[in-house]
Amino acid sequence: MTRQIHLAAHFPGVNNQTVWTDPTSGSQIDFASFEHFARNAEKGLFDYIFLAEGLRLREHRGRIHDLDVLGRPNTLAILAALAAVTDHIGLVGTLSTTFNEPYELARQLATIDHLSGGRVGWNAVTSSDAFHGANFRRGGYLAHPDRYTRASEFAEISKALWASWHPDAIVADATTGEFLREDGITRVAHTTRLFDVDAVFDVPGSPQGRPVIVQAGDSADGRDFATAHADVIFSLHTEFADAQQFYRDVKGRLAARGREEDSLKILPGATFVLGDTDAEARERSREIALAQVRPETAITYLEQIWNRDFSGYDADGPLPDVEPDTGSEHAQGFANRHAAIRARIDQLRATAASENLSIRDLVIRLTANHTFVGTPDHVAAEIDRYVQQRASDGFTLIGHLSPHGLDEFTEKVVPLLQERGSYRRSYEDGETLHDLLELEPVGVREPANR
Amino acid sequence: MTERVHIAVGLDGAGWHPAAWREATARPTELTSPGYWRDQVRAADAAGVVFATLEDALSLGGRSYEADAETRRDRARGRLDAVLLASFLAPLTERIGLVPTVTTTHPEPFHLATGLQTLDFASRGRAGARFVAGANEQERANFGRRTGDSTGLDAVARSGSPASTPPRVEQSAHWQAAFREAGEVIEAVRALADSWEDDAIIRDVATGRFLDRDRVHNVDIDGEFFAITGASIVPRSPQGQPLVTVLAHQTVPFRLAAQHADVVFVTPQDADRLAPIVAELDAASAELRAEPERLRVFADLLVVIEDTRAAADQTWARLQERATLVTDARVIVGTPGDIVDEIRALAAAGVDGVRLRPARQPADLVAIAEQVLPRAAAAGILAPDDGAPTLRERLGLPRPVSRHTRQETRA
């Protein structure tokens with residue numbers, strides 16, 4: 001049987017992948033940009049749009065990074081607004097388990113699920129560094145090894161809250177005056193080293209029962225969290241053989257959790273460049289890469305690794321022949337950090353030397369290596385091949401322009417995927433995000449009254 | 001000349017009367033549905049309501065005065081997060097200001113600030129917030145994490161009546177701290193809103209710089225209750241800062257409003273008793289106010305509206321028989337004309353606006369939109385909508401210049 005392709009649309013991020021120097025580049029923050037992006041993705045019948053999270057502005061060597069797009073909305077608020085201007089597409093946001101609390105985040109996600117008629121998803125991410133923590137009440141409070149312990153408990157508490165209103169909790173009998181059934185809401189208590197919650201949830205059960213849960217970490221702990229809690233993995237494995245291996249590894253862990261293989265979808269992040277011929281696509285890919293990695297971008301990239309000022313270097317010249325600044329030898333963790341940075345630099349030098357790459361070409365190779373480059377036919381065939389041969393269940397597509405980056409994909413590639421019989425031809429009314437992703441429904445549904 | 005005032009509405013679930021959900025016109029099973037809120041806020045928008053506040057709280061019992069609010073089962077329960085509900089309503093409405101209630105005790109001030117800035121972008125300049133201090137026991141248990149925290153506040157029991165809720169704030173260290181924290185949260189929201197200057201994004205292709213980092217400023221807040229280092233993640237929004245509103249009944253909240261708010265909601269029991277409230281606010285403003293603009297005063301009225309007084313009395317009797325309303329606000333039971341008379345009296349007494357709290361939703365909100373607003377306009381007491389692009393400007397409040405831009409100008 002033909003396996004169905006699932007696509008997510010990643011709003012262009014605050015990094016050098018997003019080309020702002022192009023004359024067609026629009027605002028990264030005006031609502032009209034988000035509205036256009038979401039409507040195009042809905043026209044292309046994507047499963048969901050995907051937003052990253054901002055906890056603090058990026059800095060470079062102690063100053064705000066000024067070369068890339070910067071500034072973005074609050075993830076939850078923009079998703080709620082997008083629920084109003086879309087009808088079918090899923091709305092997935094990246095939200096930290098470290099700098100949120102379960103009760104509040106659970107009610108926020110349940111709110112969007114109600115407002116969207118069952119279309120919300122949560123990309124649960126962990127972080128524990130003092131840099132981001134400096135914007136939050138508790139600072140960098142969480143020990144690094146506790147990140148996934150907290151994330152896992154956070155997910156457990158959230159799931160319990162989402163399930164805590166019984167399907168028939170609301171009686172609303174005007175004659176008797178009974179609004180809630182006496183035992184209609186289950187109290188959720190969770191007391192551990194990391195949490196002390198004794199909660200009564202205040203949002204009724206939402207259309208999906210709970211949001212779709214996405215996970216993006218690649219560590220062993222991350223994969224463990226995914227097999228325990230996630231419905232979708234946003235992976236980085238895009239090279240075919242590597243993708244197949246990752247797919248087998250993760251799906252192979254599901255049986256031990258009592259889960260079916262298709263209950264967890266793997267949607268690697270992917271970029272694409274289209275052309276009327278393969279040669280034209282390759283040429284465009286090179287042009288886009290040069291816009292993504294301008295000389296100053298390339299120098300900055302190396303400065304981040306070396307922690308040194310390279311403003312005097314030529315981006316078209318060879319790698320700097322100097323030692324990195326790895327901080328004080330007396331600082332905690334110096335030896336490990338020093339070894340890791342040295343290993344990274346040795347690897348960069350080897351790559352550059354073997355192919356005689358300049359600084360800029362090396363950084364292009366590392367950050368602007370487009371996943372699918374070719375004619376629409378070629379790109380459609382490649383995406384289908386990955387899915388049919390179980391290297392992925394689809395992709396999280398990342399355009400290089402805001403907000404029009406995926407327009408071309410919708411227009412040219414989606415019809416070809418449909419012709420191949422592996423992509424939907426329309427949405428059905430009343431489908432939830434669980435339905436779009438071919439996931440088993442959770443809990444009960446309420447009429448959305450749209 | 002007749003004084004003209006703005007008319008706002010305060011929306012809460014099935015309405016402000018605890019028996020409202022039992023009315024034949026009520027939609028008690030739709031309180032968390034998108035259509036319920038879209039229909040009502042669009043109706044208010046079309047009628048010329050200047051803004052709608054949306055109630056919220058972080059526990060099942062919410063801000064009810066009833067001591068057993070968390071456990072009783074005969075009251076309408078279940079709600080949506082107000083900032084997100086407002087964000088959803090933003091693209092669906094044209095002119096109306098969207099003013100969600102936010103609790104200042106548990107949520108992260110950074111998330112609150114960026115959420116309100118995003119609401120301002122999504123509504124194209126119509127965002128505000130009603131800041132509420134303090135937390136009850138159940139809210140604290142729901143969050144959990146601040147137990148034993150050095151900055152944590154002691155929880156307080158519900159008082160059972162508005163007259164004593166809170167008891168005089170001066171007598172309670174807990175409430176005093178809660179109001180100090182509320183002030184700190186408001187100032188953090190304003191500081192983060194100012195952290196990007198309006199012209200920070202330069203897109204200078206020649207130098208490869210997307211923004212001028214000298215025009216983006218870390219806030220470096222180190223307060224009694226929390227610290228925030230960085231600038232906002234959100235560029236400066238259409239209004240510059242969201243409209244800051246506070247409901248106040250006594251000295252310490254009056255002082256919070258005078259020091260930090262753009263708009264204060266007050267609850268005089270009649271127009272004559274407005275004067276001492278305004279006098280106290282004026283005195284507090286003279287002492288504390290740093291905002292360049294005068295504090296705007298809105299008087300709250302809780303309304304039951306029918307076409308005749310007899311019908312209104314009958315409705316009121318039916319509601320009160322089923323549940324007794326306990327409220328801080330003056331209650332008006334009457335015809336649309338009676339409501340307009342009351343608004344006229346308050347206008348003459350000097351308020352800038354009136355916030356009507358419908359006892360029943362949607363019934364009394366529909367009456368406000370279809371009857372009260374047109375009559376107030378006809379009577380010449382409704383401030384007209386002159387098409388100002390943002391909520392602040394519609395209220396006569398100029399767009400705040402970023403504090404950093406101000407500093408440069410002075411230098």
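# Two chains and how they meet

Colleague: How many helices and strands are there in chain A?
Modeller: This is a predicted model, in which local features need pLDDT of at least 70, side-chain atom pairs count only at pLDDT 80 or more, and totals for chains, interfaces and linings use all residues. Residues are numbered from 1 along each chain as its sequence is written, while chains are lettered from A and ligands numbered from 1 in the order in which they are written. Helices (H or I, at least four residues) and strands (E, at least two) are DSSP runs, numbered from the N terminus. Chain A has 14 helices and 17 strands.

Colleague: What is the radius of gyration of chain A?
Modeller: Along the principal axes, the C-alpha atoms of chain A fill a box of roughly 80 × 60 × 45 Å. The radius of gyration is taken over C-alpha atoms, and the globule rule is 2.2 Å times the number of residues to the power 0.38. For 450 residues a compact globule would have a value near 22 Å, and chain A agrees with its 23 Å.

Colleague: What is the radius of gyration of chain B?
Modeller: Chain B has 12 helices and 13 strands. The globule rule gives 22 Å for its 411 residues, and chain B comes close to this, so it is as compact as a globular protein of that length, with a radius of 21 Å.

Colleague: What percentage of the residues in chain B is buried?
Modeller: A residue is buried if 20 or more other C-beta atoms lie within 10 Å of its own, exposed if 12 or fewer, and partly exposed in between, with C-beta atoms placed from the backbone. In chain A, 48% of the 450 residues count as buried. For the 411 residues of chain B, the buried part is 58%.

Colleague: How many charged residues are on the side of chain A that touches chain B?
Modeller: Two residues are in contact if their C-beta atoms, placed from the backbone, lie within 7 Å. The contact takes 67 residues from chain B and 63 from chain A. Elements of chain A that give two or more residues to its side include α2 (75-85) and α3 (102-116). Counting Ala, Val, Leu, Ile, Met, Phe, Trp, Tyr, Cys and Pro as nonpolar, Asp, Glu, Lys and Arg as charged, and the others, Gly among them, as polar, that side has 35 nonpolar, 10 polar and, as charged residues, 18.

Colleague: Are α2(A) and α2(B) parallel or oblique to each other?
Modeller: Axes are lines fitted to C-alpha atoms, for helices over the stretch in contact, and angles run from 0 to 180 degrees between N-to-C directions. Angles under 35 degrees count as roughly parallel, over 145 as roughly antiparallel, 65 to 115 as roughly perpendicular and the rest as oblique. The axes of α2(A) and α2(B) come within 7 Å and cross at roughly 40 degrees. That makes α2(A), relative to α2(B), oblique.

Colleague: Which residues of α2(B) make the contact with α2(A)?
Modeller: From α2(A) come L76(A), A77(A), A80(A), A81(A), A83(A) and A84(A). The residues of this contact divide into nine nonpolar, one polar and no charged. On the side of α2(B) they are V83(B), L84(B), S87(B) and F88(B).

Colleague: Which residues of α2(B) meet α3(B)?
Modeller: The axes of α2(B) (residues 82-89) and α3(B) (residues 109-122) come within 9 Å and cross at roughly 15 degrees. The two helices are therefore roughly parallel. From α3(B) come G115(B), L116(B), T118(B), L119(B) and A122(B), and these meet V83(B), A86(B) and S87(B).

Colleague: Is R360(A) buried or exposed?
Modeller: R360(A) lies in helix α11 (residues 359-367) of chain A. Beyond its neighbours within four places in sequence, R360(A) is in contact with V293(A), P295(A), A298(A), A315(A) and D316(A). Because R360(A) has 21 C-beta neighbours inside 10 Å, it counts as buried.

Colleague: Which residue is joined to P403(A) by a cis peptide bond?
Modeller: P403(A) is in the loop between β17 (394-398) and α13 (407-419) of chain A. Omega of the cis bond is about 0 degrees, and the partner of P403(A) is S402(A).

Colleague: Is N356(A) buried or exposed?
Modeller: N356(A) lies in the loop between α10 (334-355) and α11 of chain A. Its phi is near 55 degrees, a positive value in a residue other than glycine. With 8 other C-beta atoms within 10 Å, N356(A) is exposed.
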